[in-house]
Every structure is written in C-alpha cells, then in structure tokens.
Amino acid sequence: MTSSVPLVATRPAGGSGLQAVLLDMDGTLVDTEGIWWDAEVGIFAELGHVLPEEHREVVVGGPMTRSASYLIEATGADIALADLTTLLNSRFTELLDGNVPLLPGARRLLAELAAHGVPTALVSASHRQVMDRILGTIGTEHFHLTVAGDEVERTKPHPDPYLLAAAGLGADPGRCVVIEDTLTGVAAAESAGCPVVAVPSVVPIEPAPGRAVVASLEEVDLPFLHELITLMR
C-alpha cells in the first residue's frame with residue numbers, strides 16, 4: 001500500500017555511508033506508550049478484567065492485532081479481536097486529546113536531518129488512523145515517507161515495514177539507520193539488515209553488534225548516525 005504522505009524524490013545522503021534514517025513513532029519520537037497502556041487498562045476494566053503490570057512488557061511495541069490477541073487470551077475477555085482493536089484505537093485517540101508530547105531530543109534530531117537533506121521515513125506498528133493523528137503534532141514535513149502497521153501484510157517484528165520504507169526511499173537497508181524503543185521494533189529492523197539505535201522506553205535493550213543503545217534521543221545526532229554506519233561496513 002502507499003502512504004498517505006506523498007513520496008518525494010530523494011537522493012540518499014552520505015554517498016557510500018548513511019543513506020536514510022527510519023524512525024519508529026510511539027515511545028521513540030512521542031511519549032505515547034503510557035497512553036496506549038491506559039487505553040488497554042481502561043477497556044479491559046470495562047470488560048471486567050484487571051490488567052497486571054507485567055502484561056505491559058509483553059504488549060509494548062507490538063502490532064495491534066498481536067497485542068490485542070495476547071490480552072484476550074491472557075484475560076479470557078469475551079470480545080472479538082476486530083472489536084477490541086477498534087475500541088483500543090478509538091480510546092487511544094480520545095486519550096490523546098490533542099496532546100502528543102515529543103520525547104527529549106526528537107524535534108532537534110528531525111530538524112537536523114531535514115537541514116542536511118537526509119531522507120527519513122516514519123515506520124510504525126500503529127494504524128494509519130493513529131499515525132495521522134500524531135503526525136499532526138510531529139509534522140508531516142519531517143518525513144519523505146510513512147508506513148503504518150495496517151499498510152503491510154506483516155508488521156513488526158517482521159522486517160517488511162523497514163524493507164518497504166528503504167525501498168520507497170531508494171536506499172540500501174544496510175545504509176539506513178533505524179531508531180527504535182522496543183525489542184519488537186529492533187527485531188524488525190535487524191531482520192531487515194539495518195543498523196539500529198535503540199532508545200529503550202519500557203523494557204531494557206542490550207547493546208549488540210550493529211546496535212547502539214542510548215538513554216535518549218538527546219544523545220543522537222548526524223555524526224553519531226554516520227559513525228554507526230561506518231562501524232557496520
């Protein structure tokens with residue numbers, strides 16, 4: 001499927017080095033993982049079930065269908081998967097209430113990438129309905145391409161979303177740095193062959209070959225991303 005944000009002609013940056021940056025949304029650029037959890041807790045309370053905190057580590061960063069399926073199975077809630085995903089998306093957008101806080105360093109990093117002409121893509125497991133709502137705050141102008149979770153047959157942790165984004169930007173996945181906050185997203189990026197900057201939100205992420213782990217986006221700038229690509233090659 002195509003993105004609702006038009007793909008524009010891009011020239012991969014950095015020659016044989018960095019060609020593009022592919023960014024996750026929830027928990028990476030915007031502080032919404034807690035809002036998702038509040039939506040899940042609220043919906044299941046209305047269904048007569050309490051969600052223990054340990055479930056949060058399982059569902060964080062996951063595609064909607066996987067997270068919703070897990071919660072139905074874990075609680076035994078009497079609700080169809082399609083109905084639950086609809087309720088969760090609606091409750092999440094209600095809870096946003098126009099307030100989508102960007103995480104520290106996010107706006108500065110996006111501005112730096114734009115100033116240096118680095119092609120970017122926003123790649124999320126969230127559905128298009130949610131992504132477009134949040135894009136209104138982040139700014140569509142920061143991205144050459146966006147990929148939502150309901151626009152690919154297999155979303156994260158499969159590599160498909162990142163492979164689609166790299167192809168859409170005309171870039172080699174091995175020269176695209178992915179910025180993610182969850183193990184699910186990191187798995188998708190690494191399966192696609194992309195070096196990764198992990199900024200853990202809920203669950204810790206360990207460093208690994210081709211993977212840098214930082215405390216916040218305030219530690220990430222263009223020289224940092226170029227260096228990661230250089231170390232990978």
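Predicted model: local features only at pLDDT ≥ 70, side-chain atom pairs only at ≥ 80, totals over all residues.

Strand S2 (residues 120-123) and S3 run parallel and are joined by three bridges. Both strands belong to an open sheet of six strands, ordered S3-S2-S1-S4-S5-S6, in which the pairing is parallel. At the edges lie strand S3 (145-147) and strand S6 (211-213), each of which pairs on one side only. From one strand to the next, the twist averages 20 degrees. Helix H6 (residues 128-138) packs on this sheet and touches S2 and S3. The direction of helix H6 makes about 140 degrees with that of S3.

| Item | Angle |
|---|---|
| Twist from one strand to the next | 20 degrees on average |
| Direction of helix H6 with that of S3 | about 140 degrees |

**Leucine 51**

Where is leucine 51 found? Leucine 51 is in the loop between helix H1 (33-46) and helix H2 (54-59). Is this residue buried or exposed? Leucine 51 counts as buried because its relative accessibility is 8%, and buried means under 20%.

Leaving aside residues up to four places away in sequence, leucine 51 touches Trp37, Glu40, Val41, Phe44, Leu71 and Thr75. As for threonine 75, it is 24 residues from leucine 51 in sequence, and the C-alpha to C-alpha separation of the two is 7.8 Å.

Key: Residues numbered from 1 in each chain as written. Heavy atoms only, no water. Helix = DSSP H or I, 4+ residues; strand = E, 2+ residues; numbered from the N terminus. Buried < 20%, exposed > 50% of the residue type's maximum accessible area, 1.4 Å probe, protein only. Contact = heavy atoms within 4.5 Å. Pairing = 2+ DSSP bridges. Axes fitted to C-alpha atoms, helices over the stretch in contact; angles between N-to-C directions.
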